[in-house]
Amino acid sequence: MKLSSVFLLMLTFGFSNAQDQSISVNPGSAGIGMRTTSSVFLGDNAAGFGAGGQMKILFSNRVNSEWFLDYMNSSAGLNGYRKDTHIGWSVQFAVNKGGYQTRMLIPFVEAGQCFDWTTVGFVKNNSSENAMPQTSVRNQPVFSAATQAGAGVAWFPISRLELNAQVQYMIHLGKDVHLEFDNDNYAYEISQSKGTSFDGHILGTISISWYLIQPQKKRA
Amino acid sequence: MKRILIFILLFISVNSIAQKKPGPGIRKGLLRAEGSLAYGSGNSSRYYLQGELEYLVHNRVGINGMTYINIGPAGNYPNSVHTVFSGPAFHFPMSKQMDVSLALQPGLSFVKDKGSIENSAVSEMVPNTSIMGGLAYYGSFFHLFFQMRANSAYTNDTAERQNLSDLRISFGLGWNLNLK
């Protein structure tokens, strides 16, 4: 986290001389980028981070959209793990009056949906004396849909380049899969059930996007 | 004869590109590539064959991709950790020829080990998060570089969770070509 802060500070000072005065992005602009996401599961005792990418399409002055893919690897308890692949989209609504046409920080609220493939697993804690390889137990990937909402800030240090930080809460709908833990925080069973679980996860994302397509604004 | 003609044509085309915007340094349209050895210092030290390709879409922003092929040493667990990173890199030129670069890049590691009596077998794809810093000195077609990458990753599907985080260091000679 400290390193990320130093990185963002250096970017701020580094690009302060490079700013051109043109408006950041016009409606119809589209870009691609990379992202790092951290995840904390409230009901599964799991925390981790992931890597991914996103595509962005700006629909209007205040409405941006993000189409993302994340692959996340979380540790659960002392011997378990959870792997999530998210493919989805979020619509980001700029709260400030000028929307995305500013050089200032752009606060936004967002909501969206995604599809999720989840694998959970654990390594059986065999305490046999012959030290044979430990047995790994995992489920087949479980498919579910999810919905998420949150808030964040976007910043365009130069035209076409967007730096974005956001926090979201995601709830999984459909099948729920999680690990059962004993009192010592060791996973011993994979549990699967149908239905919505409000024990979702908190996602924090830092992303960088480059707008490849940037239509010129029509003059009145 | 054909080969000589092709060589002359290539030389002229490269030279004409170079003449349009003479002088070295980082700027929009620069294509740079590097290949070298990298050393990773972490829980277990590793050696990598490193490859990098970058194209500058702005005077200070490049689209960058890097590959690390784990080539040793043999005794590490997991035995094989190959990684790819991708994302924008930001450049802060200190002079016409000297450049400092920074990149916050996610990546993916492909981790494999057949296992042994003591260790469990593993075949896992692991996400990475990393910050890279670089220093380079540019000539017309070559540059000298020094890079450091702080990388965070771990693998779960093993008897004991393995921390793959490391600090990767590399230096060497790279190639660059101005395409605009």
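Two residues are in contact if their C-beta atoms, placed from the backbone, lie within 7 Å. The views below show a predicted model, in which local features need pLDDT of at least 70 and side-chain atom pairs count only at pLDDT 80 or more, whereas totals for chains, interfaces and linings use all residues. Residues are numbered from 1 along each chain as its sequence is written, while chains are lettered from A and ligands numbered from 1 in the order in which they are written.

**View 1. Overall make-up of chain B.** Chain B contains one helix and ten strands, where helices (H or I, at least four residues) and strands (E, at least two) are DSSP runs numbered from the N terminus. Along the sequence these elements follow the pattern α-β-β-β-β-β-β-β-β-β-β. Among the contacts in chain B between residues at least 6 apart in sequence, 56% join residues at least 24 apart. Of its 180 residues, 38% count as buried, a residue being buried if 20 or more other C-beta atoms lie within 10 Å of its own, exposed if 12 or fewer, and partly exposed in between.

View 2. Strand β7 (residues 142-158) of chain A pairs with strand β8 (residues 161-181) of chain A in the antiparallel sense over 13 bridges, pairing being assigned if DSSP finds at least two bridges between two strands. A:Gly152 stands opposite A:Gln166 in β8(A), and in the hairpin of these strands, which has two residues between them, A:Arg160 takes a positive phi near 85°. Strand β8(A) is also joined, by seven bridges, to the antiparallel strand β9 (residues 187-194) of chain A, with A:Ala187 as the bridge partner of A:Phe181. The hairpin of β8(A) and β9(A) has five residues between the strands, and A:Asn185 in its turn has a positive phi of about 70°.

**View 3. Surroundings of B:Asn128.** B:Asn128 lies in strand β6 (residues 122-138) of chain B, and it is buried because 26 other C-beta atoms lie within 10 Å. Leaving aside residues up to four places away in sequence, B:Asn128 touches several residues, including A:Ala51 of chain A and B:Thr83, B:Pro106 and B:Asn151 of chain B.
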